[in-house]
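Here is a briefing on one protein model. Keep the sequence and the structure in view while reading.

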Amino acid sequence: APEVPDILSPEFATDPYSAYRIMREHAPLFWHEPMQSYVVSRYEDVARAFRDPAFTTANYDWQLEPVHGRTILQLSGREHAVRRGLVAPAFRGDELQGRFLPVIERNARLLIDRFRATGRVELVGEFSTHFPINVIVDMLGLDQADHARFQRWYTSIIAFLGNLAQDPEVAADGERTRVELAAYMLPIIAERRANPGDDLLSRLCLAEIDGTRMSDEDIKAFVSLLLAAGGETTDKAISAIMANLLVHPEQLAAVRADRSLIARAFAETLRFSPPVHMIMRQPERDVTLSGGTIPAGSTVTCLIGAANRDAERYRDPERFDIFRDDLDTTTAFSAAANHLAFALGRHFCVGALLAKTEVEVAMNMLLDAMPDVRVADGFVPAEQGGFTRGPERLPLEFTPVG
Ligand code: HEM
């Protein structure tokens, strides 16, 4: 069998997909010594690790705690269910279509207005890295003037989370961010408890199930998680959907003509170019995957990008095709027909509908502002990253509208 490429190597970060093919076929379960983790790559195994409650997220504690504190992502069982019940209502469809849609539209428009007359934009640096953070800050009802500060905290948190090489300066900066965010958020949380509005932060303060509420620390940790979980992911999803459509002009033309197809393009982008490639789980008892036994308490790394291109699950999996019929395009939680970019089961992305709404608003406005959008001369769109992945730059040109 061919040698399994190292998932921490620079070659892997440039092209993980050829490595995924080798893993799925020849090493569907293997031990990665530097990460001290088992690794799985087949759709069936990754989906099972997400759905089976024996796979906990306990091993996130030491990874997330120093930068976020204790978040919903580290919790399991009843504790997780209660916390999830407290935060989930604010991310439902009716809230998004009602209270928060204008917030999302306003933030997309503000960013597009900065470049719409110029005929050029570097989409990642000028739009997609800012838009999701601006939306979260605005939904929370925080000061618009503090966007730069949030952008810095966000950058520090994702650097901390992606710090696989364990650079001590990156780690120290992440821990400083935790202190700074707490100093900023705790007085505001106290203020909202006293004078609630109808913003997201007030809702989190008021949320109650059977007398249980989140503490100020819980809410602060959740805000920190929202920056990381809702920021980098949506950023990469927006630049990837645009890049994928630009390299498939006939599919871009179809989406431009019928905007309801954005939902399909989004789902297919999440399958073909998932923003998060690696997710960890920790089985609380011995489990068997792809013929091998994983002892209780070990770490299992689930390769979403590999599972999403498993030929046992998808027809012609290496092809980007928004019209494929083996994919659920509604984000309606029909696990059986979905990609794994939002995970599955208990920790299924609580912000999936928000992400979908953000991408639909952004794509509609971007297509309207750039009727003849094309990749800048000589540039070839490419994705980068092995842990999280997406285009690092996407320079575009267009003829400004009127
Ligand atoms: C959970 C992906 C957007 C908030 C997750 C998980 C994935 C994911 C894979 C599961 C993590 C795990 O099980 O270890 C994505 C992708 C997005 C996106 C690909 C964009 C395309 C968002 C947005 C928000 C958000 C916009 C909110 C602002 C969360 C939260 C969780 C989560 C709070 C934890 C849920 C729990 O533990 O029960 N997301 N996400 N995500 N996501 Fe997202």
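**Briefing**

In strand 2, H32 has S37 as its bridge partner. Strands here, and helices too, are DSSP runs numbered from the N terminus: E of at least two residues for strands, H or I of at least four for helices. Two strands pair if DSSP finds at least two bridges between them.

This is a predicted model, in which local features need pLDDT of at least 70, side-chain atom pairs count only at pLDDT 80 or more, and totals for chains, interfaces and linings use all residues. Residue numbers start from 1 along each chain as its sequence is written.

**Overall build**

- The protein has 16 helices and 12 strands.
- Its radius of gyration is 21 Å, close to the 21 Å that the globule rule gives for 402 residues, so the protein is as compact as a globular protein of that length. The radius is taken over C-alpha atoms, and the rule is 2.2 Å times the number of residues to the power 0.38.
- The C-alpha trace spans about 60 × 55 × 40 Å along the principal axes.

- Five strands make an open sheet with mixed pairing, in the order 1-2-8-5-3.
- Strand 1 (29-32) and strand 3 are the edge strands, and each pairs on one side only.
- Strand 1 pairs with strand 2 in the antiparallel sense over four bridges.
- These two strands form a hairpin with four residues between them. Q36 in the turn has a positive phi of about 50 degrees.
- Strand 2 (residues 37-40) runs parallel to strand 8, and three bridges join them. Y38 stands opposite V300 in strand 8.
- Helix 3 (residues 43-51) packs on the sheet and touches strand 2, strand 3, strand 5 and strand 8. The direction of helix 3 makes about 125 degrees with that of strand 8.
- Strand 8 (residues 300-303) and strand 5 run antiparallel, joined by four bridges. Here R281 stands opposite V300.
- Strand 5 (residues 278-283) also pairs with strand 3 (residues 55-56), in the antiparallel sense over two bridges. The partner of T56 in strand 5 is Q282.
- Strands of a sheet pair through backbone hydrogen bonds, either parallel or antiparallel.

- Three strands form an open antiparallel sheet, in the order 4-12-9.
- Strand 4 (120-122) and strand 9 (374-375) stand at the edges with a single partner strand each, so one side of each is left without a neighbour in the sheet.
- Three bridges link strand 4 to strand 12 (residues 395-397) in the antiparallel sense. V121 stands opposite L396 in strand 12.

**Helix 8 and its partners**

- Helix 8 (residues 131-139) packs against helix 9 (residues 147-161) at an angle of about 120 degrees, with the axes 10 Å apart. Axes are lines fitted to C-alpha atoms, for helices over the stretch in contact, and angles run from 0 to 180 degrees between N-to-C directions.
- Helix 8 passes helix 9 in a right-handed crossing. A crossing is right-handed if the near helix is turned clockwise from the far one by less than a right angle, and left-handed if anticlockwise.
- I133, N134 and V137 in helix 8 meet H147, F150, Q151 and Y154 in helix 9. Contact requires C-beta atoms, placed from the backbone, within 7 Å.
- By class, this contact has four nonpolar, three polar and no charged residues. Ala, Val, Leu, Ile, Met, Phe, Trp, Tyr, Cys and Pro count as nonpolar, Asp, Glu, Lys and Arg as charged, and the others, Gly among them, as polar.
- Helix 8 and helix 12 pack at about 140 degrees, with their axes 8 Å apart. Their crossing is right-handed.
- F131, P132, I133 and I136 in helix 8 meet L226, L227, G230, G231, T234, D235 and I238 in helix 12. That contact has seven nonpolar, three polar and one charged residues.

**Around the ligand**

- Of the 24 residues around the ligand, G230, T233, H347, C349 and G351 come nearest. A residue is near a molecule if its C-beta atom, placed from the backbone, lies within 6 Å of it.
- Helix 12 (216-246) and helix 16 (352-369) are the elements that give two or more residues to this shell.
- Helix 12 gives the most, with seven residues.
- The shell has 17 nonpolar, six polar and one charged residues.

How values were computed:
Two residues are in contact if their C-beta atoms, placed from the backbone, lie within 7 Å.
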